[in-house]
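Here's a quick tour for anyone meeting this structure for the first time. Have a look at it, and then we'll go through it topic by topic.

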Amino acid sequence: MASKTQTKDIITIKGSAAIVSEFFSYAANRIPFASSILYNRGVYPEESFTKVKKYGLPMLLTQDEGVKSFLANLTSQLSQWLEAGKLQRVVLVIMSKLTSEVLERWNFNIETDAEVVEQGVSREKSDKEIMREIQVIMRQIASCVTYLPCLDDPCVFDVLAYTDMDVAVPFTWIESDAKLIKNPQMVKLHSFDTKIHKVDTLVSYKNDEWDEQ
Amino acid sequence: MILRTPPVQRKRRASSALDHESPVSDRRLVVYEDPAPVASHDHSDQLVCTYQCRQMLGVEIGQGTGMDSAFPVKSEVMDALSLAEKQVIDYQSRVETLEQNLTRSEEERKRFKDHLDFVEQELAASKGREQALQQQLLKEVTEFQERFKNQVKHSSELEVQLRKEADLRRCAESSATAAKDKVLELEKKARHILESSEREKKHLQKEISYFQDEGKLSCSRISAELERMKMKADNAMKESELLKKQMEEVREQLNEEAEVREARKLKSLHANTELLKEKLLEEKGRREKAEAEIITLEEVQMNAEKLENELKIWKSLVNMIPGVLCFDDIPQKFASLQKEAIDSTLKVGEVTAQLKELEIALESENLCRQQAETQFALAKEKAEDLVLEVKRLKLMLILLALNLTPNYFDGYAKPVESAVVGAVTEERDRLSKHAVTPNKLRIVDTEGATVNASLLRELESSLAAKEEIIKAFESDLHKQGEIINRQHDELKVLNENLNNEARRIKSLERESDRLRAEISLLESKLGHGDYSTESTKVLRMVNTLNIDNETKHTIEALRSELEKAKAKLQAIEELKGQSEAGNLIDAQISDKLAQLKGQIATLEKREERYKAVFAEKISVFRRACCSLFGYKIVMDDQQRPNGIPVTRFTLQSIYAQSDDEKLDFEYESGNTNILVNGYTSQPEISHQVEIFISKMNSIPAFTANLTMESFNKRTLS
């Protein structure tokens, strides 16, 4: 009986940072659909999305230049912080446009291997394995639509980054509060590990009024 | 049944004895019985004697006739008669005395007979008692023998149990040696663990010192920054004060217009000072935050130390448990330890039950032995009492025999004495015989007593042997009891260790539950989004989707700042030119001016960059839209009177033949509406507007249709 042995790929910190930041950008594209948020009506109609295949799954990517530039700036900054080992957490916050109340928090907790950051060593792990783990998370994000409360009101996104204290604040970032939800419901999703960066996913959302009743 | 009263044989014996005695007693007086009684002598009864005398016949006959020839013979005879009469009287008196003596002797004989009967009765009773005692003794002996047999059995059983206990003791000793070996191993492991814990402690202490140093460094940095900011603020305040002074001096020197300009400058300077004050306040706030963070750092260090100690204890406890390599093995090890503890407690309970049973058996055996000893002592006393009674009876008999024999040889006459002696001798013989028979009986009794004594000696010897055996067993049992007590102590120690281990296990379980609760709490906190302000800061990405407006605002703000700074510069340059004195102030102002100029330059550069970037983007977008859709789009933000922002789009087709052919649209919160102008009021265009926009509600269709028509017109033309 032949045994399948996955060939392991060498992963550096730059490569791992790129994988993780790319994951964030695709997750940011997928999360609105999971939250059944309608993009700002008329600004981001459904026609402005293109279908691509990523992580073995069909993914809808926005073609809006503003959103794309936003995500590009985001991923570039996150990858910088990831390479420096300064990024602890990334949170995608969904708030009501009218009341600025936080409705959902998509929490991506990051654990960095300090030895890799300090000494610059590399690790070995199969790319396929990493992609498979990310695929699982993407499926779970999509399945969250079954239990997340429906958000009919216009909503806005906000991206929070939990960094070390000695990180210099870039021009496009400002210090902020954590934008927490009072008495949230929490659902823990799967995690993926590149052997350098381990990302845990958790979604916390405000209890629906119907559920509270 | 012992007969107190003798049988009738005694009376018969007495009557025969009397009959036998009468001839012996009457040996001295012969009783003559006249076969033919003399009738003629009836009238002379007074003279009738039993002894027939022929001579006396003549005398009697002569008395009647008065014959003298016979009188000389009569006087002699009379003398003889008188003599004889006297003798007779004497003899009668003697006979009476003898009869009295006889009666006395008979009475005495009766008395002695009664006494003999009593003694015989007593002898029979004593014999019966002896027999009963012998039977009792035999029964007791048999009982003692049975008890001895049972004791022998018990002793054999105890020996077997002793052997078992000895085996158990050996097993316990072996387990104790194994436990000692385990203890030694555990001690070695504990030493290793202590060494490893000390190393970890040192490592943690190094890390703590490192963190402390880092904290101190950060504190020092923060304090240095605070001081710098303070210095800056102080300098700014001094500069502001100096500027104020300058302004006041300049005011005095210049005109009203200059005063107005100076007022404006002062206002700007005030605004700068206010900005600087705000910055000061911010820095103060940061300093307070830093101080608070320092305090929290210390608290966290304390908590870290506590956690370290708890972790050490936890690790030491985990590593002390043999067979545990990680936290997951702990529950299994706890289960196995609990099972072992339960098994050992069961064994201990069984051993204690067996020990208790042995002790109870020992106590019962001791009680039986004590009872047998008491009964043996009682039997001994009874036998001694019986022997004493027999001796006493023997002495009494001897005394009786001695009292009876002298009375019969004193005070009897010969002829009657012979008969009396013969009777007395006959009585003495009878008494001696009676004395002999009790003696014979005594001999038999003494023989029985000797037999009893020999039996008692044998029993005593066997009892002594058994007692020695029992003593040996007792000594063995005492030793075994000591061994058992030692084992009890060891078992108690093991039980205490087991209880301690159980307590440790419970404490470890509580620690694990607490740690699980902490882990769940931390996970919930993580999910909730809590973070430590000492090590983490939250940054928010500015939404570049709205960056156009914000950049415009920032550009306008920067422009206003630039204008203000430029005005300030001009005013200062004018002041410089006008004022002669104040070279020092100029130098300070020039430094500040240089800083401000630098800031202005950077801001201008940024503005230019933004402008360039946006210009590029906007031009690219506009060109692309124009090429794709065929319309040049001009966007203009306006505001309605009610304050609602509105965006106006002006579209001009590339195929337009004149500049008047423009379409105006108004965009507000996602809704786009066409505006009426000169071009759309044309009938053709208005007709299309009605169809595509009003009816079909599709602006792209309208614009596409318009583009096609324009294209057709162009190409045709």
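Which residues have the most contacts inside the largest nonpolar core? They are Phe23(A), Trp106(A), Phe108(A), Met138(A) and Phe192(A), and the core holds 52 residues. Before going on, note that this is a predicted model, where local features need pLDDT of at least 70 and side-chain atom pairs count only at pLDDT 80 or more, while totals for chains, interfaces and linings use all residues. As for bookkeeping, residues are numbered from 1 along each chain as its sequence is written, chains are lettered from A and ligands numbered from 1 in the order in which they are written, and side-chain values use heavy atoms, with hydrogens and water left out.

**Cores**

- A nonpolar core here is a set of buried Ala, Val, Leu, Ile, Met, Phe, Trp, Tyr and Cys residues joined through side-chain atoms within 4.5 Å.
- "Buried" means under 20% relative accessible area, "exposed" means over 50%, and "partly exposed" is in between (1.4 Å probe, protein chains only).
- In the 52-residue core, the largest share, ten residues, comes from helix H1 (residues 13-34) of chain A.
- There's also a second, separate core of eleven residues, with Tyr679(B), Ile685(B), Phe692(B) and Leu706(B) among them.
- Back in the largest core, Phe108(A) is one of the residues with the most contacts. Leaving out residues up to four places away in sequence, its neighbours in contact (heavy atoms within 4.5 Å) include Phe23(A), Phe24(A), Ala27(A) and Ile31(A), as well as Val90(A) and Val199(A).

**Chain A and its helix H4**

- Chain A has five helices and ten strands; both are DSSP runs numbered from the N terminus, with helices (H or I) of at least four residues and strands (E) of at least two.
- Of the 213 residues in chain A, 47% are buried.
- If you take the contacts in chain A between residues at least 6 apart in sequence, 74% join residues at least 24 apart.
- Helix H4 of chain A runs over residues 127-143, which makes 17 residues. From first C-alpha to last, H4(A) reaches 24 Å, close to the 24 Å expected at 1.5 Å a residue, where the expected span is 1.5 Å times one less than the number of residues.
- Buried residues in H4(A) include Ile130(A), Ile134(A), Ile137(A), Met138(A) and Ile141(A), and also Glu129(A) and Glu133(A).
- At the start of H4(A), Ser126(A) brings a side-chain oxygen to within 3.2 Å of the backbone nitrogen of Lys128(A).

**Where the chains meet**

- On the chain B side, 25 residues are in contact with 42 residues of chain A.
- The size of an interface is often given as the accessible area lost when the parts come together.
- Here the buried area (accessible area lost by two parts on being put together, 1.4 Å probe, summed over both) is about 2800 Å², and carbon and sulfur atoms give 59% of that.
- The chains share one salt bridge, meaning a side-chain nitrogen of Lys or Arg within 4 Å of a carboxyl oxygen of Asp or Glu. The partners are Asp158(A) and Arg540(B), at 3.4 Å, N to O.
- Helix H6 (415-528), strand S1 (536-541) and helix H8 (583-629) of chain B each supply at least two residues of the side that touches chain A. The largest share of that side, six residues, comes from S1(B).

**Salt bridges elsewhere**

- Side chains of opposite charge can pair when their charged atoms come close.
- Over all chains, the structure holds 22 salt bridges.
- Lys179(A) pairs with Asp177(A) at 3.8 Å, N to O. Lys179(A) counts as buried because its relative accessibility is 16%, whereas Asp177(A), at 46%, is partly exposed.
- In chain B, Arg169(B) and Glu173(B) form a salt bridge at 3.1 Å, N to O. Both sit in helix H3 (residues 71-253), four residues apart, about one turn of the helix.
- Glu607(B) and Lys611(B) meet at 3.5 Å, N to O, and both lie in helix H8 of chain B. Glu607(B) is buried at 7% relative accessibility, while Lys611(B) is partly exposed at 41%.
- Glu310(B), Glu511(B), Arg514(B) and Glu518(B) are joined into one network by salt bridges that share partners.

Key. Polar contact = N/O pair within 3.5 Å; in protein donor to acceptor, adjacent residues only side chain to side chain.
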